[in-house]
Amino acid sequence: MEEWDGVLFECFNGYFNSFKELAEDKKKNFDIKKGHSFRVADLSKMLALKLDLGSEEIRIAYFIGLFHDIGRFRQLIEFNTFNDAVSVDHAEYSVEIMKEEILGKVGVVKEDLVLTAIKNHNKFKLPENLSQQELQFSKLIRDADKLDILKVLTEYYSNRNSVTNHTLTWDLPKGVSVSKNVVKEIMAGKLVSKTNVVSEIDVKIMQMSWVYDLNFRPSFEYLLKNRFLETIYKTLPKNDIIIEIYRKVKMYVENKFMG
Ligand SMILES: [Fe+2]
């Protein structure tokens, strides 16, 4: 382990452990977000390596990955939810925490670049005024974040015995078919917008549509290797529309991978 990694772990854990005497449910959610943060950091590093980035860039990618959701902890304490729509934009919160608690402790890194990527990690669309480098690291964290969420989701879907996890299914009714607007979006090769999602089936289709927001060949490679699409598809009822959606999305990913 590099010295720099040690500094980052200490910094993350120091901040994480500053929240004391949490109730059982909060503790559980804290641990989930901590696990996510460390896995996203690893995925970011993996992608950076596969993209042949230099050693400083690999470190920056790892750094962004580890801290992209650092605002989640304060969000949960202050608002008792991870739902941004009813509380705060957690990426903006992460930027604040970085400025207040983290950047001063980790030594020289490209601060503006790190903050821009963190801020952009959860936006529906990336802003248009980004520099080449800002764009690259914003895309990288978005890919790493989605890949980990897909990993967690598909593990959840394939384990029938798991306890219902409402943060993953959003507490929506199961549904019997895909909503019209959701079909329209995904068949047009677009990300499904949350506002059109009204059932568990729609949620799963929306998760499939994330492939349209992946940016790098190694991300498509990871997605294929881990069979994320197949796993989601397996949990869906098989009707013509769903079969057609699956084919389209699968084809898109394979083409991206083949380049
Ligand atoms: Fe996030």
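## Val-183 in helix α9

Val-183 is located in helix α9, which spans residues 180–187. The coordinates described here come from a predicted model. The relative accessible area of Val-183 is 16%, so this residue is buried, given that burial is assigned under 20%.

When neighbours within four places in sequence are left aside, Val-183 is in contact with Val-178 and Ile-241. Val-183 and Glu-244 are separated by 61 residues in sequence, while their C-alpha atoms lie 9.9 Å apart in space.

## Helices α10 and α13

Helix α13 comprises residues 240–258, and its axis comes within 11 Å of that of helix α10 (residues 200–209), with a crossing angle of roughly 20 degrees. The two helices are therefore roughly parallel, since angles under 35 degrees are placed in that class. The crossing of α10 past α13 is left-handed.

On the α10 side, the contact is formed by Ile-201, Ile-205 and Met-208; on the α13 side, it is formed by Ile-242, Ile-245, Tyr-246 and Val-249. By residue class, this contact contains 7 nonpolar residues, no polar and no charged ones.

## Helices α5 and α6

Helix α5 contributes Ala-91, Glu-92, Ser-94, Val-95, Met-98, Lys-99 and Leu-103 to the contact, and α6 contributes Glu-111, Val-114, Leu-115, Ile-118 and Lys-119. The residues of this contact divide into 7 nonpolar, 1 polar and 4 charged.

## Helices α2 and α3

Helix α2 has 27 residues and spans 39 Å from its first C-alpha to its last, close to the expected 39 Å at 1.5 Å a residue. Its buried residues are Lys-26, Phe-30, Lys-33, His-36, Ser-37, Val-40, Ala-41, Leu-43, Ser-44, Leu-47 and Ala-48. These buried residues of α2 pack against α1, α3, α4, α7 and α11 (217–225).

Helix α3 (residues 55–67) has 13 residues; its first and last C-alpha atoms are 19 Å apart, close to the 18 Å expected at 1.5 Å a residue. The buried residues of α3 are Ile-58, Ile-60, Ala-61, Tyr-62, Phe-63, Ile-64, Gly-65, Leu-66 and Phe-67. They pack against α1, α2, α5, α6 and α7 (132–158).

## Residues with positive phi

Most residues other than glycine have a negative phi. Glu-21, although not a glycine, has a positive phi of about 50 degrees. This residue is placed in the loop between α1 (3–16) and α2 (24–50). At 83% relative accessibility, Glu-21 is classed as exposed.

Asn-80 also has a positive phi without being a glycine, with a value near 55 degrees. Asn-80 is found in the loop between α4 (71–79) and α5, and its relative accessibility of 52% makes it exposed. Asp-52, which follows α2, has a positive phi near 60 degrees.

Methods
Residues numbered from 1 in each chain as written. Predicted model: local features only at pLDDT ≥ 70, side-chain atom pairs only at ≥ 80, totals over all residues. Heavy atoms only, no water. Contact = heavy atoms within 4.5 Å. Helix = DSSP H or I, 4+ residues; strand = E, 2+ residues; numbered from the N terminus. Nonpolar A, V, L, I, M, F, W, Y, C, P; charged D, E, K, R; others polar. Axes fitted to C-alpha atoms, helices over the stretch in contact; angles between N-to-C directions. Parallel < 35°, antiparallel > 145°, perpendicular 65-115°, else oblique. Left-handed = near helix turned anticlockwise from the far one by under 90°. Buried < 20%, exposed > 50% of the residue type's maximum accessible area, 1.4 Å probe, protein only. Expected span 1.5 Å × (residues − 1).
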